[in-house]
Amino acid sequence: MLNLIKFTAAAASRQPFSRGFKTPPFISSFLLEKRRINVTGLIDDENAESIIFQLMYFEYRNPKAPIQMIINSGGRLITSGLAVYDQMKALKCPVHTCCVGNAASMAAVLLARGEKEFRYASANNSVMIHSAIGGYQGSSKDVQITFNQLMAEEDKIVLALARDTGSSIDVIRKCIERDNFMSPQQAKHLGLIDIIGTLPPIPSPKHEHPKADNDMN
C-alpha cells in the first residue's frame, strides 16, 4: 500500500490541467486532501492511470467518504474511459461528479456514472454523447475485425448509459446517432445529471486510514 500512496501522489502531481501545464505540488496536495479529482483534457491511458490510482487512494483513506470528480474533458479513448468507469463501479465510497465546461464522449459517460442524486453540471456547460469513432486500415478482413470490435465497444457504452440514465437502450442508440450536444437542462432530462449547479464542498474527512499521512512524508 505504501507504493500505491507514493504513486498516487506522483500521478496527481503530473495530471495536467492542459497538455502543456503541470499541476503545482501545492494544488495536488490540496486536491488530495479534499478528495477531489480533476478529469481534464483527453481521456487516454496516462490520464486514466492517474485517475484510477487516485480513486484507489481515496478509498484506502476512507471507504465511506465521498469522492468529488470534476470533469472538463472532450473524452477520447473508449478503453481508457471504461477502465476508469469500472474502477468507479468497484469503489465502496460514492463518487460525486460535476461537469464544468464540457463533458463529451467518454467524459459524459463518466459524468453519468456518478452517484445518483449527486451528478452536477454547471449552468453554462455542454454535455455531448455520440456513437463510437474509429479509423480503419489494412486488409478488408482486418478492417472488418476492427469495425466489429468498435461496435462491441459502442454496445458497452450504450448499456452503461442506459443503466446510469434509466433510459431504454433504444432511446440511447437514437441519442448517439450523431454528435448530440446538450444543455444542462437537456442532460438532466435524459438522466445524465441530477442537479444544475456546482458541487458543494466536502467536509474535512474523519477516521481516515492513520498510515496514509505518515507514509506520504
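Author: A residue is called buried when its relative accessible area is under 20%, exposed when that area is over 50%, and partly exposed in between. The model discussed here is a predicted one.

Reader: Is E177 buried, exposed or partly exposed?

Author: The relative accessibility of E177 is 45%. Buried requires a value under 20% and exposed a value over 50%. E177 therefore counts as partly exposed.

Reader: With which residue does E177 meet in a salt bridge, and is that partner buried or exposed?

Author: The side chains of E177 and K174 meet in a salt bridge, at 3.7 Å from N to O. K174 has a relative accessibility of 58%, and the cut-off for exposed is over 50%. The partner of E177 is thus K174, which counts as exposed.

Reader: How far apart are the end C-alpha atoms of helix α6, and what span should its residues have?

Author: Helix α6 covers residues 140-165, which makes 26 residues. At 1.5 Å a residue, the helix should span 38 Å. This agrees with the distance between its end C-alpha atoms, which is 37 Å.

Reader: Which residue just after α6 takes a positive phi?

Author: The place to look is just after the helix, where the phi angle is about 80 degrees. The residue with this positive phi is G166.

Reader: Which residue forms a salt bridge with D164, and why does the pair tie together separate parts of the sequence?

Author: The closest N and O atoms of D164 and its partner R113 are 3.1 Å apart. D164 lies in helix α6 and R113 in helix α5, so the pair ties together parts that are 51 residues apart in sequence. D164 is buried, with a relative accessible area of 4%. Its partner, partly exposed at 22%, is R113.

Reader: Which helices hold R173 and E154?

Author: The side chains of R173 and E154 meet in a salt bridge of 4.0 Å, N to O. E154 counts as buried at 12% relative accessibility, whereas R173 is partly exposed at 35%. The pair ties together parts that are 19 residues apart in sequence, because R173 lies in helix α7 and E154 in helix α6.

Reader: Is S80 buried or exposed, and which residues does S80 touch?

Author: S80 lies in helix α4. Its relative accessibility is 2%, so S80 counts as buried. Leaving aside residues up to four places away in sequence, S80 touches I43, D44, D45 and A48.

How values were computed. Residues numbered from 1 in each chain as written. Predicted model: local features only at pLDDT ≥ 70, side-chain atom pairs only at ≥ 80, totals over all residues. Heavy atoms only, no water. Helix = DSSP H or I, 4+ residues; strand = E, 2+ residues; numbered from the N terminus. Expected span 1.5 Å × (residues − 1). Buried < 20%, exposed > 50% of the residue type's maximum accessible area, 1.4 Å probe, protein only. Contact = heavy atoms within 4.5 Å.
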